[in-house]
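This report describes a single protein chain, starting from its fold and ending with its side chains. Please read it alongside the sequence and the model.

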Amino acid sequence: MNKELLEKCKEKLLEERAKILERFLEKEETQKRLGEESKEPRDWEDIGLMTYTEELLDNLSQVEIATIKEIDYALEKIEKGLYGICESCGVEIPEARLCAIPWTRYCAKCAEEIEKEMGSYMHYYGVEGMYNPENIQVEREDIGEA
């Protein structure tokens, strides 16, 4: 991997890390404000919205924490000279993939295989059949056909 690409990826990693930390601080402020607002009596809709927002912010922070860990790991790999090599097959990860996901550990092929094994792989069926009303089946008894 050339030095120019390595510097470009390192810069992207540091930028993304800074953005996540900034969003985290904004999230903390939002949660603080929601906590103060929840002390005042509200109607059920407001309480539901605040609860949903708090849960969403909590979930986002878990994803963001995982991403920061991956970014830190990628930065460590840069320092050790191991960055840009697929951890599964050992081939060099293409520049386009590193530019899109600079903290990736795997080439696209290995990432797809790992996702299949881990259960997070979503098979592509094509867009054509997605919204065909004939393909929709109602399985709940409390929802009838219109």
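Which pattern does the protein chain follow when read along the sequence? The pattern is α-α-α-α, with four helices and zero strands in the chain.

**Confidence**

The average pLDDT of the protein chain is 75, and 58% of the residues score at least 70.

Over residues 124–133 pLDDT stays under 50. For this stretch the model has one contact beyond four places in sequence. Where pLDDT is low, predicted coordinates should not be read in detail.

**Burial, surface and contacts**

The protein chain has 146 residues, of which 21% count as buried. Its accessible surface comes to about 11,600 Å², and carbon and sulfur atoms account for 53% of that area. Considering contacts between residues at least 6 apart in sequence, 50% join residues that are at least 24 apart.

**Aromatic side chains**

How many aromatic pairs does the structure hold? The number is zero. A charge does sit over a ring, however: Arg105 lies over the face of Tyr73, at 4.0 Å from the ring centre.

Technical notes: Residues numbered from 1 in each chain as written. Predicted model: local features only at pLDDT ≥ 70, side-chain atom pairs only at ≥ 80, totals over all residues. Heavy atoms only, no water. pLDDT = per-residue confidence, 0-100. Contact = heavy atoms within 4.5 Å. Helix = DSSP H or I, 4+ residues; strand = E, 2+ residues; numbered from the N terminus. Buried < 20%, exposed > 50% of the residue type's maximum accessible area, 1.4 Å probe, protein only. Areas by Shrake-Rupley, 256 points an atom, 1.4 Å probe, with all protein chains shown as cover. Phe/Tyr/Trp six-rings, centres within 6.5 Å; stacked < 30°, edge-to-face > 60°. Lys NZ or Arg CZ within 6 Å of the ring centre and 35° of its normal.
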